[in-house]
Amino acid sequence: MKANIVLLPGDGIGPEISSQAARVLETISGKFGHDFEFSTHLIGGIAIDQTGDPLPQETIVACRESQAILLGAVGGPKWDDPTAKTRPEVGLLKIRKELGLFANLRPIQLFDQLVDASPLKREIIEGTNILFFRELTGGIYFGESGTSGEGADESAYQSMVYSVSEVERIIRLAAKAARSRSNRLTSVDKANVLEPSRLWRRVAARVMAEEFPDVDYDVVLVDSMAMHLINRPRDFDVVVTGNMFGDILTDEASMLPGSLGMLPSASLGSGGPGLYEPIHGSAPDIAGENIANPLATILAAAMLLRHSLDLNEEAKAIEDAVSQVLNDGLRTPDIARGGDAIGTQEMGAAVIERLSN
Ligand code: IPM
Ligand code: MG
């Protein structure tokens, strides 16, 4: 298979981890006889520094012409000034919107080898396996916003809007995924307070009743969900929610397996390229030190193969290689729990070595 893959390394540890994932993809390309071509483009803070724009037009064009996009991370203290004209995060929000990537899949999967790295007790988290579907191009993130007034009267607002079609399409994707897993779907909202959540709940219930009567479906309020995730994470299978709730709940859930450094994510639209990235951020405090964990991005590369290129065997090969390095006791500092640790490049090389065997 021939595929154009766009690399968007971004900021902080982004370049280090995405280059390891790209090496893994190159290895797969060789081993399975594919023809992957890579091109690297700007996004985030580095794009602001070099062009003044966190998402240059040239990057958008390259992404549109690609089959899949692998992103490192964006942002850092250098660009944090609240009065700055633009911010690195704008680049990320804009690419999601430009490419219509309305569904953000965030699997929260436990690695048996790392259960003891979790802040929760083994008996609570063992067996946890949740797939979040976060709506990614609507809701409060993209609602109308503004400021007015001055001094003590100055105020700011941002509205949360959801349309029927936006809810329908994400519910359908999540429900289909539920069918391919253990057939359970939980929708999370705040329907006791928010109007868009009431619409969400109504539309979700209709879609589920009409199109997915076989899927075991329930609804949970977002504040309760925050508790349940800590208390009984095993009870959830596929969880679907809006943009902002999904942002918060997936960060919370990402702590269950012990390290953010292990979790990939995929952002998909209807057709067109998907965007794959680690769940974690740019970690500027450890950038350039060769200590960041590249496994989340390497696992994101596996998701890329599966979801955008339909290469399931290749995706599984990467996941198995990652599992193998963990079995072999290899750890980057974030998952080493004070024991021996290896660096970013060594971890990438270890995965490649197991792939090449
Ligand atoms: C995420 C991040 C982004 C978001 C930021 C960096 C804009 O937190 O992907 O979860 O809020 O969506
Ligand atoms: Mg987030």
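Guide: Of the 357 residues of the chain, 52% count as buried, where buried means under 20% relative accessible area, exposed over 50% and partly exposed in between, with a 1.4 Å probe and protein chains only. This is a predicted model, in which local features need pLDDT of at least 70 and side-chain atom pairs count only at pLDDT 80 or more, while totals for chains, interfaces and linings use all residues. Residues are numbered from 1 along each chain as its sequence is written, chains are lettered from A and ligands numbered from 1 in the order in which they are written, and side-chain values use heavy atoms, with hydrogens and water left out.

The secondary structure comes to 13 helices and 12 strands, these being DSSP runs numbered from the N terminus (H or I of at least four residues for helices, E of at least two for strands). Along its principal axes the C-alpha trace spans about 55 × 50 × 40 Å. Contact means heavy atoms within 4.5 Å, and among contacts between residues at least 6 apart in sequence, 76% join residues at least 24 apart.

The part to look at closely is helix H13, residues 344-356. Its 13 residues reach 19 Å from the first C-alpha to the last, close to the 18 Å expected at 1.5 Å a residue; the expected span is 1.5 Å times one less than the number of residues. Within H13, the buried residues are Thr344, Met347, Gly348, Ala350, Val351, Ile352 and Leu355, and they pack against helix H1 (14-31), helix H10 (295-307) and helix H11 (312-327).

Just after H1, glycine 33 takes a positive phi of about 70°.

Leaving aside its neighbours within four places in sequence, isoleucine 335 is in contact with Leu114, Ser259, Met262, Asn293 and Leu326. By comparison, the C-alpha atoms of isoleucine 335 and asparagine 231, 104 residues apart along the chain, are separated by 23 Å.
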